[in-house]
Amino acid sequence: QSRQESPEERPQFPGASAEFAERLEFIQPNVLAGIPVYRVMDRQGHVLRPSEDPQLPKEQVLKLYKTMTLLNTMDRILYESQRQGRISFYMTNYGEEGTHVGSAAALDASDLVFGQYREAGVLLYRGYPLELFMAQCYGNASDPGKGRQMPVHYGCPERHFVTISSPLATQIPQGDAPGAGPDPVPCPRDPISGHFGAAAPGSGTRAGGPGGRKAPDPRGFFPGSHPVFPAAARGPGYGLLSIRVDGNDVFAVYNATREARRRAVAENQPFLIEAMTYRCGGRESPQKTPFSRGFPPKTPFPMDFSPLSRIGHHSTSDDSSAYRSVDEVNYWDKQDHPISRLRHYMANRGWWDEEEEKAWRKSSRKMVLEAFEQAEREPKPPPRLLFSDVYLEMPPRLRRQRAELERHLETYGEHYPLQQFQK
């Protein structure tokens, strides 16, 4: 039995019965057979077909790896900070790091990205500072959004990343809209990429995107999905060229995104990429909590959230142990994780060793903690910003509300922690 066909080499995504494929090929809308999962590497980091190896230089591969591991470290620290009551909410990216950096590396820096709430790695790859990630989650005075958004709703015009919004799949029609509407803006020359998650293909909002109506300019869509909600299978119904890739294989995501971008520009049509992933646990070894200096940990929910047992819940409002087993999560975390697969690839080429791993983990952790501590010291934005930046000229009703708040705080300010806010 060939290596490809052996049971341990078959896709293990829950509910999937597809085979792996080592040749990049988009699915035509009239093809209704089972969709294979395109990959470049096996789980040990070996390239299966040399012609599919993107041949990325060592420096770029190291950037992919360091971005994924830095994101993982940031996730761990911000997750724990929410559990200790320092921020109100957080969503980790555990297990989906390869879909972030693989797609980001294949796009041009000027390509516009419409993300869902779990694409922080795209911004991190594009150089978004750790300090601004922390400022946004803390909603402090350094937050570009001025503390008005809930955590993980990042955005950066300079890095062509549109601000994330909470409602499901709204980024899909938004990504289709720059060249549409009663007063259309000029269509950008660069493609637009939109990321969406497992549930978005079933939402009504999805129908407003490419395929739901005539797309005015090229699009590439890169979902990170679970097989229970098959995105690529929906592509033919919308007349989209589609592909399903192994989202734990950063090179497969890179190749598919690069080819989709090239063809979107050349052929002026949208593409659908389904990246099969599994939201699992953090990749750090257990360590003492970094928040002991002057901040006693607050009582967590009645379960153990230590690094040994942590799994990638949907958000800090979720307990995924209610619907999946620890053994299942451990398999994906230990046996088929995008970070470990790329690390195997680098080790096979002599580009990375255990000493470099330890040094990088230590330095990256230090960087994240420094940004974290800086964010905690920052004051909150001044309350008057509640009323600005919505209208070009503030309407009378908002002026009245602002004056009412000012009078209220003058009278009852002693009952509010105003010392935590900028004047």
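Some ground rules come before the tour. Because this is a predicted model, local features need pLDDT of at least 70 and side-chain atom pairs count only at pLDDT 80 or more, while totals for chains, interfaces and linings use all residues. Residues are numbered from 1 along each chain as its sequence is written, and side-chain values use heavy atoms, with hydrogens and water left out.

**The overall build**

The protein has 10 helices and nine strands; these are DSSP runs numbered from the N terminus, helices being H or I with at least four residues and strands E with at least two. Of its 423 residues, 52% count as buried. Here buried means under 20% relative accessible area, exposed means over 50%, and partly exposed is in between (1.4 Å probe, protein chains only). Take the contacts (heavy atoms within 4.5 Å) between residues at least 6 apart in sequence: 75% of them join residues at least 24 apart.

**A cavity and a helix residue**

Rolling a probe the size of a water molecule over the atoms shows where empty space is left. The structure holds five cavities of 30 Å³ or more. A cavity is a set of points, on a 1 Å grid over the protein atoms alone, where a 1.4 Å probe fits but cannot get out, and its lining residues have an atom within 4 Å of a point. The second largest cavity has about 40 Å³ of space, a volume being the space filled by probe spheres set on the points, which are joined across faces, edges and corners. Its lining includes Asn93, Arg118, Glu119, Ala120 and Val152.

His100 sits in helix H2 (residues 97-106) and is buried, at 0% relative accessible area. Beyond its neighbours within four places in sequence, His100 touches residues including Asn93, Arg118, Glu119 and Ala120. Met68 is 32 residues away from His100 along the chain, yet their C-alpha atoms are 8.3 Å apart.

Most residues other than glycine have a negative phi.

| Residue | Phi | Relative accessible area |
|---|---|---|
| Val152 | near 70° | 2%, buried |
| His160 | about 55° | 29%, partly exposed |

**Strand S8**

Why is strand S8 largely enclosed by the rest of the structure? Six of the six residues in S8 (residues 241-246) are buried, so the rest of the structure largely encloses it. Leu241, Ile243 and Val245 are buried on one side, and Ser242, Arg244 and Asp246 are buried on the other.

S8 also has strand partners (two strands pair if DSSP finds at least two bridges between them). Strand S9 (residues 271-276) runs parallel to S8 and is joined to it by six bridges, with Ser242 partnered by Leu272 in S9. Strand S2 (residues 37-38) pairs with S8 in the parallel sense over two bridges, and Val37 has Arg244 of S8 as its bridge partner.

How values were computed. On a 1 Å grid over the protein atoms alone, a cavity is a set of points where a 1.4 Å probe fits but cannot get out, and a pocket is an open set with protein on both sides within 12 Å along at least five of seven lines; lining residues have an atom within 4 Å of a point.
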